[in-house]
Amino acid sequence: MKPRALSRVLTRSIWLSMVPVLLLALWYGWSSLRGLEELHLREGANLAHNLATRTDEFIDARQRALGILARSPLADDPRRWPELYREAQGYHESFGTHVIFADDARRMLFNTRQPYGTELPQLPVSKGRSAAPLALETGRPQVGDIVQGPVAK
């Protein structure tokens, strides 16, 4: 066996004694990063859930208010549609979105973007989910895909 210098033996001993500490530091760092990732994933899932819930509540409130307009006795009597139009304008003032009142032939009877009595075109046809046929089928307000409207453009 060759004689080795004391400095080489001590250097190797120091490095060997540091290996468990370095391995422990690497494991601790990896574990900490994994914990942070899990935390971020949980927070992201909670944020997405809260946003979806808030959006559902936002839409639900508007649908319920539209349901009140739809069930109004004013909707059943064409002579009282000017009164219903004023109620729809109140909806617009409260919620910031316009109301279109249409018949089952997809003909707009009034649109709060235009003065009452203005000649209006047919409802646009959606290439995806169309709210009008669903509303007629279910009797409830519906939300459809966005379309290029003939009045609002």
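A: Let us begin with aspartate 77, which at 19% relative accessibility counts as buried; please keep in mind that this is a predicted model.

Q: Which side chain does aspartate 77 meet in a salt bridge?
A: The partner of aspartate 77 is arginine 79, with an N to O distance of 3.2 Å.

Q: And is arginine 79 buried or exposed?
A: Arginine 79 has a relative accessible area of 71% and is therefore exposed, because the cut-off for that class is over 50%.

Q: How many salt bridges are there?
A: The count comes to five, and among them is the one that joins arginine 107 to aspartate 103 at 2.7 Å, N to O. In that pair, aspartate 103 is buried with a relative accessible area of 17%, whereas arginine 107 is partly exposed at 42%.

Q: What about aspartate 60, which side chain does it meet?
A: Aspartate 60 forms a salt bridge with arginine 64, at 2.8 Å from N to O, and since the two are four residues apart in helix H1, about one helical turn separates them. Aspartate 60 is partly exposed at 28% relative accessibility, while arginine 64, at 55%, is exposed.

Q: Switching topic: where do positive charges gather in a patch?
A: There is such a patch on the surface, where Lys2, Arg4, Arg8 and Arg12 come together.

Q: Where is arginine 4 placed relative to helix H1?
A: Arginine 4 lies in the segment before helix H1, which covers 6–70, and with a relative accessible area of 56% arginine 4 is exposed.

Methods:
Residues numbered from 1 in each chain as written. Predicted model: local features only at pLDDT ≥ 70, side-chain atom pairs only at ≥ 80, totals over all residues. Heavy atoms only, no water. Patch = residues over 30% accessible without salt bridge, like charges linked within 9 Å, V, L, I, M, F, W, Y side chains within 5 Å. Areas by Shrake-Rupley, 256 points an atom, 1.4 Å probe, with all protein chains shown as cover. Salt bridge = Lys/Arg side-chain N within 4 Å of Asp/Glu carboxyl O. Lys, Arg positive; Asp, Glu negative; His and termini not counted. Charge placed at Lys NZ, Arg CZ, Asp CG, Glu CD. Buried < 20%, exposed > 50% of the residue type's maximum accessible area, 1.4 Å probe, protein only.
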